[in-house]
Amino acid sequence: LSDEVKQMRQQAKALELSAAGRHDEIGYLAETIQSSFNQVHDALERESHFTRDVSHELRTPLTVVKNTLTLLETRPPQPSDIEQLKLAAQHMQSTVAILLALARQELVQAQPLRLRPIVEEAILGLHGALERANFSVEVGIDDDYELVGNRQLITLLASNLVENAMRYAAQPKLNISLHED
């Protein structure tokens, strides 16, 4: 057991001990070591993903806030400035809540979900900004299309998709469609 554990410490994959299937004290010990090691391994993986996600998901809205505040130092506030600050704050608040839950492994559970309502909720959440930007979004997803996933993460993905399209698309239009799977 100790030789297998020493070998696995240098590898970045789950631990599988040969004695784990035995039906005696050695098997129990192997399964306990394997389970503990793999839980620590999974926690480190989540931490790595969390750090990467935090960096990506929070830098964009923070940049929007900083740039808007810089503009406000040179001119009076515009309604679009306030809207950008609100959207950035809302995005950061939801992202932090989701990422903290991920770090605690609360959101690892997947469940069957209908995709269209989640996409529509993301669009409705950005309705004011979409309207001011004269940006249209068409959804071509069947009402009954289901997938298995985490609702909060899919909601974040849908919101990011719409926000990024609104900011960076060459034309003021987004078509979200699903073909087969």
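**Results: burial, contacts and cores in a predicted chain**

With a relative accessibility of 16%, Ser159 counts as buried, because buried means under 20% relative accessible area, whereas exposed means over 50% and partly exposed lies in between (1.4 Å probe, protein chains only). The model is a predicted one, in which local features need pLDDT of at least 70 and side-chain atom pairs count only at pLDDT 80 or more, while totals for chains, interfaces and linings use all residues. Residues are numbered from 1 along each chain as its sequence is written, and side-chain values use heavy atoms, with hydrogens and water left out.

Ser159 belongs to helix H6, which covers residues 151–168; here helices (H or I, at least four residues) and strands (E, at least two) are DSSP runs, numbered from the N terminus. When neighbours within four places in sequence are left aside, Ser159 is in contact with Ala122 and Leu126, where contact means heavy atoms within 4.5 Å.

The chain as a whole contains six helices and four strands, and along the sequence these follow the pattern α-α-α-β-α-α-β-β-α-β. Its radius of gyration is 23 Å, well over the 16 Å that the globule rule gives for 181 residues, so the chain is more spread out than a compact globule; the radius is taken over C-alpha atoms, and the rule is 2.2 Å times the number of residues to the power 0.38. The C-alpha trace spans about 75 × 45 × 25 Å along its principal axes. Of the 181 residues in the chain, 30% are buried, and among the contacts with a separation of 6 or more, 71% are between residues 24 or more positions apart.

In soluble globular proteins, nonpolar side chains tend to be buried together. The largest nonpolar core of this chain has 21 residues, and those with the most contacts inside it are Val119, Leu130, Ile141 and Val162; such a core is a set of buried Ala, Val, Leu, Ile, Met, Phe, Trp, Tyr and Cys residues joined through side-chain atoms within 4.5 Å. At least two residues of this core are supplied by each of helix H4 (115–125), helix H5 (127–132), H6 and strand E4 (173–177). Apart from this core lies another, of seven residues, including Met8, Leu17, Ala20 and Ala30. Leu130 touches Ile123, Phe135, Val137, Val162 and Met166, if residues up to four places away in sequence are not counted.

Helix H4 also holds Pro117, which is partly exposed, with a relative accessible area of 22%. Although Pro117 and Asp143 are 26 residues apart along the chain, their C-alpha atoms are separated by 7.8 Å.

A further pair of this kind involves Ala14, which is placed in the loop between helix H1 (2–9) and helix H2 (25–72). At 37% relative accessibility, Ala14 counts as partly exposed, and, neighbours within four places in sequence aside, Ala14 is in contact with Met8, Asn38 and His41.

Most residues other than glycine have a negative phi. Asn134, however, has a positive phi of about 55 degrees although it is not a glycine. Asn134 is found in the loop between H5 and strand E2 (136–140), and with a relative accessible area of 64% Asn134 is exposed.
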